Amino acid sequence: MSSSKSNKIVKLESSDNKTFEVEEAVAVQSETLKNMVDDGCANDTIPLPNVNGKILEMVLGWCKKHVDETVTGDELNKYEADFLDLDQADLYGLLMAANFLNVKGLLDRVLQRVADMIKGKKPEEIRRIFNIKNDFTPEEEEEIRLENAWAFD
Amino acid sequence: MEDCYSIVRRWEDLHTDILVKIFQSFDIFELTKGIAHVCSAWRMACCDPLLWKTLDLSMLKSDFIMIQLEPYVYVNSRSDKTLTRLLKISLSLSRGNITSLIFHFNLYVNDEQLTYTAERCPRLRRLVLPAWNRIKKTGICKAIRAWKDLESLTMPNIADPPYLMEEISKNCKNFSKLKIMGPCNNSFACTLATHLPKLKVLSLRCSIIEKDALIIILDSLLHLEVLNISHCLLIEVRLRPAPKRVVGEIDQSIREKASRLREFITCTKDSCIMCQRTKNDDGQIRWYRYEEGLWKTDEVSSLAL
């Protein structure tokens with residue numbers, strides 16, 4: 001019985017030395033990995049020094065879900081919503097991974113999630129949520145204060 | 001025990017491209033609320049030219065009432081302050097990169113706000129409205145002088161347009177597209193012929209046009225390529241028996257004159273809802289009555305929003 005899909009397995013290694021084996025069809029959801037496969041560089045284990053095991057597992061889970069033809073549209077929507085319910089540290093890792101691996105749809109969803117976490121919040125709130133340090137110089141602070149005034153002078 | 005700081009990622013180190021991508025989905029309120037005040041890296045991303053090609057304030061309307069004395073409109077001061085603050089932050093972050101500026105027809109900008117804006121958008125190529133009731137002639141002329149690269153203007157209904165056209169012809173050498181949201185009579189057509197003979201695109205849609213004005217336009221604007229008179233009320237001004245007469249169809253002589261145009265867009269169908277609305281509103285369509293944003297459409301794609 002012939003199959004139209006290749007049964008090739010792609011091996012990946014995360015930054016913390018965890019290895020993952022996935023079907024090629026799953027791996028090529030990532031444009032970056034797809035290019036490697038197309039260029040014939042995917043025969044040995046592909047090292048991913050900028051993605052840790054926890055995040056890589058998540059990303060591969062996403063890819064698997066999106067290749068699975070038994071999943072309905074509604075199920076997929078719910079999956080995607082739950083998927084992005086992460087703390088900011090994991091979200092950051094996921095953003096970096098999605099960007100590097102160039103996974104269809106994932107990067108856009110992560111960016112949207114980050115955007116939703118930022119929208120409508122005051123600067124102090126945003127700094128608190130994302131653990132960002134206020135690094136403005138006194139001159140810049142003054143420029144900002146003037147910018148925020150309600151009159152032109 | 002791991003150091004908390006090392007687990008927690010540094011969002012301020014996010015590559016500018018990614019930050020800009022996130023900010024591109026924000027509207028002007030969200031952009032100016034506070035993200036530029038989080039940290040210096042985010043502030044820099046907020047100033048990226050990609051975010052500031054267009055400043056779209058078309059969701060902002062003044063809180064106003066109409067009054068009997070000039071300027072015939074009174075704007076609530078809180079409404080004014082909101083606009084001022086929004087302009088200050090936007091124009092500061094935009095670093096002079098704005099090329100399109102879009103207002104709402106019910107946003108009553110004052111002289112100070114207009115001048116402040118014009119000075120900080122030196123590269124402006126397209127201006128859409130706002131209402132000019134509170135702006136003096138000197139104010140608008142000063143603004144036009146600051147916009148040497150202006151190519152396209154959508155103007156509200158104003159009483160005495162010649163001074164404006166003259167200022168544009170003196171200062172805006174690349175000016176080629178005009179959309180008028182108001183009636184076009186003979187004197188306006190003459191003004192266009194005198195001061196904007198190189199006009200390429202003109203939209204007069206959903207208004208009242210005098211037939212003679214249309215002829216003047218077609219005869220005098222020799223560089224005109226696109227003319228949109230969709231959903232207009234075409235009238236002939238006569239003294240007797242009735243002062244004006246609505247001309248139903250566009251006659252053959254006009255069509256012949258218009259045949260040299262690349263696009264002559266018309267619509268006078270009785271069944272067309274926009275044509276009906278223009279008729280019901282006596283030739284001056286009252287946009288506030290209809291769907292929000294309806295005023296933004298135009299059959300000419302370069303003049304649509």
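**Figure 1. Glu143(A), Glu147(A) and Arg43(B) are linked in a network of salt bridges.** The model is predicted. In one bridge of this group, Glu143(A) pairs with Arg43(B), and the closest N and O atoms are 3.1 Å apart. Glu143(A) belongs to helix H8 of chain A and Arg43(B) to helix H4 of chain B, so this pair joins two chains. Glu143(A) is partly exposed, at a relative accessible area of 38%. Arg43(B) counts as buried, at 6% relative accessibility; the cut-off for buried is under 20%. Glu147(A), also in the network, is one of the chain A residues that lose the most area to chain B.

**Figure 2. Chain A and chain B bury about 3500 Å² between them.** Carbon and sulfur atoms account for 67% of that area. In chain A, the residues that lose the most area to chain B are Glu147(A), Trp150(A) and Phe152(A). Together they make up 25% of what that side buries. By contact, 35 residues of chain A meet 34 residues of chain B.

**Figure 3. The interface of chain A and chain B holds 13 residue pairs in polar contact, both residues at pLDDT 80 or more.** Four helices of chain A each supply at least two residues of the side that touches chain B: helix H5 (88-101), helix H6 (106-118), H7 and helix H8 (138-147). H5(A) gives the most to that side, with 7 residues. The salt bridges between chain A and chain B come to 3. One salt bridge brings together the side chains of Lys119(A) and Glu30(B), at 4.0 Å from N to O.

**Figure 4. The rings of Phe130(A) and Trp11(B) meet edge-to-face.** Over all chains, the count is 10 aromatic pairs. In this pair the ring centres are 4.7 Å apart and the planes stand at 70 degrees, so the arrangement is edge-to-face; the cut-off for that label is over 60 degrees. Phe130(A) lies in helix H7 (residues 123-130) of chain A. Trp11(B) lies in the loop between helix H1 (4-7) and helix H2 (16-23) of chain B, so the pair joins two chains. Phe130(A) and Trp11(B) are both buried.

**Figure 5. Phe130(A) also pairs with Trp42(B), in a tilted arrangement.** The ring centres of Phe130(A) and Trp42(B) are 6.1 Å apart, with the planes at 55 degrees, so this pair is tilted. The pair crosses between chains, from helix H7 of chain A to helix H4 (residues 40-46) of chain B. Phe130(A) and Trp42(B) are both buried. One aromatic cluster takes in Tyr92(A), Phe130(A), Trp11(B), Phe23(B), Phe26(B) and Trp42(B).

**Figure 6. Arg120(B) makes a salt bridge with Glu119(B) and places its charged end over the ring of Tyr116(B).** The closest N and O atoms of Arg120(B) and Glu119(B) are 3.3 Å apart. Arg120(B) counts as partly exposed, at 28% relative accessibility. Glu119(B) also counts as partly exposed, at 49% relative accessibility. The charged end of Arg120(B) is 3.6 Å from the centre of the Tyr116(B) ring.

**Figure 7. Arg277(B) and Glu291(B) form a salt bridge that links distant parts of the chain.** Their closest N and O atoms are 3.1 Å apart. Arg277(B) sits in helix H12 (residues 273-280) of chain B. Glu291(B) is in the segment after H12 of chain B, and the partners are 14 residues apart. Arg277(B) counts as buried, at 14% relative accessibility. Glu291(B) is partly exposed, at a relative accessible area of 44%. The structure as a whole holds 23 salt bridges over all chains.

**Figure 8. Thr117(B) is buried in helix H6 of chain B.** The helix spans residues 111-119. The relative accessible area of Thr117(B) is 2%, against a cut-off of under 20% for buried. With neighbours within four places in sequence left aside, Thr117(B) is in contact with Leu87(B), Leu91(B) and Leu101(B).

Definitions and conventions. Residues numbered from 1 in each chain as written. Chains lettered and ligands numbered in written order. Heavy atoms only, no water. Phe/Tyr/Trp six-rings, centres within 6.5 Å; stacked < 30°, edge-to-face > 60°. Buried < 20%, exposed > 50% of the residue type's maximum accessible area, 1.4 Å probe, protein only. Lys NZ or Arg CZ within 6 Å of the ring centre and 35° of its normal. Contact = heavy atoms within 4.5 Å. Buried area = accessible area lost by both parts, 1.4 Å probe. Polar contact = N/O pair within 3.5 Å; in protein donor to acceptor, adjacent residues only side chain to side chain.
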